[in-house]
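Colleague: I would like to go through this model with you. Could we take it one region at a time?

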Amino acid sequence: QGTLDYMAAVVEHALERLGKVELGEAGHGVSGQASYLTQLCTLHEDMHGEAGLITRQTLGYAAPDFGPTAPLPGSGLLPGGGPLPGDVAVPGGVWQLGALQDGGVSFVFDNEKWAHPVELAPFHIARAPVTNAEYLPFIAEGGYRRPEFWSFGGRLWLTNTGAQHPRYWRRQGTQWERRHFDHWLPLAPDEPAVHLSWYEAEAWCAWAGRRLPTEAEWEAAASGT
């Protein structure tokens with residue numbers, strides 16, 4: 001309760017300060033600097049909230065209680081939206097990677113400054129992330145025991161971890177389950193395969209005859225441009 005009281009006090013003081021700062025050029029709203037710092041603090045706090053969720057999942061703690069809200073994504077309780085098989089074609093061209101200085105947004109992180117051109121060749125990319133159902137055959141066909149699918153770093157990772165399947169999966173008889181915080185749930189076939197290491201994603205691509213997208217390819221495709 002002490003932590004919650006402290007958080008509430010911080011919010012109250014921040015709102016009070018925002019009400020007293022110098023007005024913007026138009027005579028209303030807060031100044032650009034105050035707005036930027038407030039947004040930076042808010043989004044930075046969001047990052048720590050995400051890190052807290054990751055920690056609870058890693059340690060098998062109970063899911064946080066957000067009150068009477070919708071279940072968290074990935075809880076196995078949300079209606080499925082898939083499958084969404086097939087690829088889309090993304091035309092090549094020059095992609096501006098990063099935030100545009102005249103992009104009309106009030107906030108960008110420092111590591112997004114500033115956009116620079118990246119030449120992209122035409123490519124195809126899956127319409128949706130790899131699903132649990134698409135990942136399961138890789139396990140069934142011995143993907144974790146076949147070194148031809150794994151890079152040198154991936155083989156070292158396998159040796160060090162002894163992994164035979166994704167970290168939070170287990171097989172119960174003929175069914176697969178996934179640990180969601182402190183609960184085991186039936187593996188939802190159409191949900192994205194999550195909590196995979198880079199090496200597992202890379203090996204799946206080698207097995208499936210695919211490859212991982214580059215940062216610029218992913219951003220261009222995800223933007224819908």
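Colleague: Where is the place of Leu 4?

Modeller: This is a predicted model. In it, Leu 4 sits in helix H1, which covers residues 2–18.

Colleague: Is Leu 4 buried or exposed?

Modeller: Leu 4 counts as exposed, because its relative accessibility is 52% and the exposed class begins over 50%.

Colleague: Which residues form a nonpolar patch on the surface with Leu 4?

Modeller: Tyr 6, Met 7 and Val 10 form the patch with Leu 4. Together the four have about 410 Å² of accessible area.

Colleague: Changing topic, which residues of helix H3 are buried?

Modeller: In H3, residues 132–140, the buried ones are Asn 132, Tyr 135, Phe 138 and Ile 139.

Colleague: And how do they fall when seen down the axis of H3?

Modeller: They fall within an arc of 110°, so the buried residues line one face of H3.

Colleague: Which residue just after H3 takes a positive phi?

Modeller: That is Gly 142, with a phi of about 75°.

Colleague: On to charges. How many salt bridges are there?

Modeller: The count comes to 5, taking a side-chain nitrogen of Lys or Arg within 4 Å of a carboxyl oxygen of Asp or Glu. One of them joins the side chains of Arg 210 and Asp 87, at 3.0 Å from N to O.

Colleague: Which parts does that pair tie together?

Modeller: Arg 210 lies in the loop between H5 and helix H6 (215–223), while Asp 87 is in strand E1 (residues 87–90), so the pair links parts 123 residues apart in sequence. Arg 210 is partly exposed at 36% relative accessibility, and Asp 87 is partly exposed at 36%.

Colleague: What does Arg 170 form a salt bridge with?

Modeller: Its partner is Glu 177, and the closest N and O atoms are 2.8 Å apart.

Colleague: Is Glu 177 buried or exposed?

Modeller: Glu 177 is buried, because its relative accessible area is 18% and buried means under 20%. Arg 170, at 28% relative accessibility, counts as partly exposed.

Colleague: Which residue does Arg 146 meet in a salt bridge?

Modeller: Arg 146 meets Glu 148, side chain to side chain, at 2.9 Å from N to O. Arg 146 is partly exposed, with a relative accessible area of 31%.

How values were computed. Residues numbered from 1 in each chain as written. Predicted model: local features only at pLDDT ≥ 70, side-chain atom pairs only at ≥ 80, totals over all residues. Heavy atoms only, no water. Patch = residues over 30% accessible without salt bridge, like charges linked within 9 Å, V, L, I, M, F, W, Y side chains within 5 Å. Areas by Shrake-Rupley, 256 points an atom, 1.4 Å probe, with all protein chains shown as cover. Helix = DSSP H or I, 4+ residues; strand = E, 2+ residues; numbered from the N terminus. Buried < 20%, exposed > 50% of the residue type's maximum accessible area, 1.4 Å probe, protein only. Arc of directions from axis to C-beta.
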